[in-house]
Amino acid sequence: MEYGIVGLVILIADIYAIYKVLTSGASTAAKLVWTLIILLLPVIGLIAWFIAGPKGGTARI
């Protein structure tokens with residue numbers, strides 16, 4: 001049961017990260033790359049986005 005709750009939290013965080021990426025002022029290519037990273041590697045991609053993505057209000061690669 002506890003893995004289901006953790007999975008749900010990760011899913012919500014991934015949806016939030018993708019929303020923030022898509023509404024950012026980054027280039028289309030950067031948005032595409034970040035979205036793919038978050039979708040293909042949900043936990044690692046989310047951590048990478050939290051560390052490298054939201055600086056200055058735009059997603060960066």
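Modeller: The buried residues of α3 are G45, L46 and W49. Buried means under 20% relative accessible area, exposed over 50%, and partly exposed in between (1.4 Å probe, protein chains only). This is a predicted model, where local features need pLDDT of at least 70 and side-chain atom pairs count only at pLDDT 80 or more, while totals for chains, interfaces and linings use all residues. Residues are numbered from 1 along each chain as its sequence is written, and side-chain values use heavy atoms, with hydrogens and water left out.

Biologist: What puts the buried residues on the same side of α3?

Modeller: G45, L46 and W49 are the buried set. They cover an arc of only 100° around the axis, so they share one side of α3. The arc is taken from the directions from the helix axis to the C-beta atoms. Exposed I44 and I51 sit on the face turned away.

Biologist: What counts as a helix here?

Modeller: A DSSP run of H or I, at least four residues; a strand is a run of E, at least two, and numbering starts from the N terminus.

Biologist: Why do the buried residues of α2 line one face?

Modeller: A30, K31, W34, T35 and I38 are buried. They fall within an arc of 130° seen down the axis, so they line one face of α2. The face turned away carries exposed T28, A29, L32, L39 and L40.

Biologist: Why is L40 called exposed?

Modeller: Its relative accessibility is 66%. The cut-off is over 50%, so L40 qualifies.

Biologist: What makes a nonpolar core?

Modeller: Buried Ala, Val, Leu, Ile, Met, Phe, Trp, Tyr and Cys residues, joined through side-chain atoms within 4.5 Å. The largest has 8 residues: A13, A17, I18, V21, W34, I38, L46 and W49. α1 (2-22), α2 and α3 (42-52) each supply at least two. α1 gives the most, with 4 residues.

Biologist: How many residues of the protein count as buried, as a percentage?

Modeller: 28% of the 61 residues.
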